[in-house]
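Below is a walk through one protein model, from the whole chain down to single residues. Keep the structure in view while reading.

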Amino acid sequence: MPLQIVRNDITKMKVDAIVNAANSSLLGGGGVDGCIHRAAGPELLAECRKLGGCETGSAKITSAYKLPCRYVIHAVGPRWADGKHGERKQLISCYRTSLELAKEAKCETVAFPLISSGIYGYPKDQALRVAIDTISEFLLENDMTVFIVIFDKKAYRISEKLFSDIEEYIDDRYVDEHTDSRSERLRRMNAFRMDEPMPCESSVCDEAIEKLTAPMAVSSKKAATLDDALGQIDESFSEMLLRKIDERGMTDAQCYKKANIDRKLFSKIRSDKLYKPSKPTVIAFAIALELPLVEMKDMLMKAGFALSHSNKFDIIVEYFVEHGNYNVFEINEALFAFDQSLLGA
Ligand code: AR6
């Protein structure tokens with residue numbers, strides 16, 4: 001997954017470079033800056049002294065000494081005043097400069113804290129948005145794995161409106177897994193298999209349950225032998241994916257980048273028509289292809305999965321699709337906020 005949100009202490013990240021939320025003196029301070037200097041040891045400060053400081057919105061690179069990474073990129077974020085003093089532009093520039101420095105140093109993996117969102121007071125939801133937008137834009141043109149490292153879950157915030165909308169959406173749909181009335185079973189089966197809810201008068205209901213629970217026919221024609229039956233296997237997940245990419249007029253790279261899937265995984269899927277993907281991978285591709293819910297369910301079925309209302313992850317994905325928001329990175333922000341796995345590999 002090229003862009004990942006993880007919970008960790010950035011000084012523990014085994015990546016090529018970690019980014020420090022520094023100040024313009026580059027001589028250390030509190031917050032993540034203090035943690036990084038303590039973990040790296042005094043040689044880091046000695047090297048920083050030679051750099052002659054750094055402007056707000058820019059960054060400089062040093063060795064990492066005792067840290068488990070190779071480099072530290074010291075980025076100076078803006079202090080939040082009121083949002084009208086160019087703070088956003090400076091924060092974007094911080095991320096861009098840091099990513100360019102990482103690229104020049106041939107880093108394949110980089111970890112960022114949420115710059116400016118602590119002592120410098122940048123509103124956390126907006127700081128997160130800038131981080132995700134700027135990094136994902138860079139990843140469209142560059143192959144790198146970038147981590148946004150969240151130290152303290154309290155420091156992580158998506159917009160309150162989005163959070164409460166999703167919470168309400170989940171509340172309206174979350175099904176108690178142990179509910180097992182006849183009509184409830186039917187409703188769930190409908191959710192898996194059909195677009196339109198079915199009427200549920202008792203006779204119609206019984207008939208529908210029989211139909212839905214009947215053994216799956218391989219095709220309308222009965223297969224004479226197992227070989228015949230296997231010869232009638234449907235289009236696979238990989239075949240459906242490649243077909244949809246063509247139908248959408250997308251290039252492979254446009255699709256896997258939009259899905260937050262790395263190139264190597266995509267190549268595996270492309271070359272193995274029987275590839276068995278994970279559920280978050282299938283959903284990531286369905287999102288990248290902007291499939292409506294019915295087609296997303298169809299693609300999931302090809303890989304042996306379904307969407308269910310007993311699962312918060314599924315409901316959150318459904319929320320975004322129903323709202324026409326097919327931005328994998330924004331969906332991942334919300335999934336992380338609700339402690340769910342993220343989309344991508
Ligand atoms: N790992 C990952 N993230 C961390 C860690 C850690 N070990 N520690 C804190 N954070 P801040 P700023 C998060 O205040 O707002 C310093 O004094 C923290 O939860 O470190 O850019 C500098 O010298 C928050 O989300 O940096 C500057 O003077 C994020 O890192 C000033 O603070 C950034 O918080 C910079 O302020």
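In the protein chain, 68% of the contacts with a separation of 6 or more are between residues 24 or more positions apart. The model examined here is a predicted one. Its protein chain contains 15 helices and six strands. Of the chain's 345 residues, 48% count as buried.

The next topic is the nonpolar residues. In soluble globular proteins, nonpolar side chains tend to be buried together. The largest nonpolar core in this model has 85 residues, and Phe285, Ile287, Met296 and Leu343 have the most contacts inside it. Helix H4, residues 124–141, gives the most to this core, with eight residues. Both domain 1 (3–157) and domain 2 (160–184 + 235–345) give residues to the core, so the core lies between them. Apart from this core lies another, of 16 residues, which include Val6, Leu44, Cys48 and Cys69.

Leaving aside neighbours within four places in sequence, Phe285 is in contact with Phe237, Leu241, Cys255, Tyr256, Ala259, Ile261, Phe266 and Ile269.

By class, the contact of H5 with H14 has eight nonpolar, no polar and five charged residues.

H14 passes H15 in a right-handed crossing. Here Phe313, Ile316 and Phe320 in H14 meet Glu330, Ile331, Ala334 and Leu335 in H15. The residues of this contact divide into six nonpolar, no polar and one charged.

Is lysine 244 buried or exposed? Residues under 20% relative accessible area count as buried. Lysine 244 has a relative accessible area of 8%, so it is buried. Lysine 244 is placed in helix H9, residues 237–248. Not counting residues up to four places away in sequence, lysine 244 touches Leu289, Leu291 and Glu295.

Definitions and conventions
Residues are numbered from 1 along each chain as its sequence is written. This is a predicted model: local features need pLDDT of at least 70, side-chain atom pairs count only at pLDDT 80 or more; totals for chains, interfaces and linings use all residues. Side-chain values use heavy atoms; hydrogens and water are left out. A nonpolar core is a set of buried Ala, Val, Leu, Ile, Met, Phe, Trp, Tyr and Cys residues joined through side-chain atoms within 4.5 Å. Buried means under 20% relative accessible area, exposed over 50%, partly exposed in between (1.4 Å probe, protein chains only). Helices (H or I, at least four residues) and strands (E, at least two) are DSSP runs, numbered from the N terminus. Domain bounds come from an automatic or database domain assignment. Contact means heavy atoms within 4.5 Å. Ala, Val, Leu, Ile, Met, Phe, Trp, Tyr, Cys and Pro count as nonpolar, Asp, Glu, Lys and Arg as charged, and the others, Gly among them, as polar. A crossing is left-handed if the near helix is turned anticlockwise from the far one by less than a right angle, and right-handed if clockwise.
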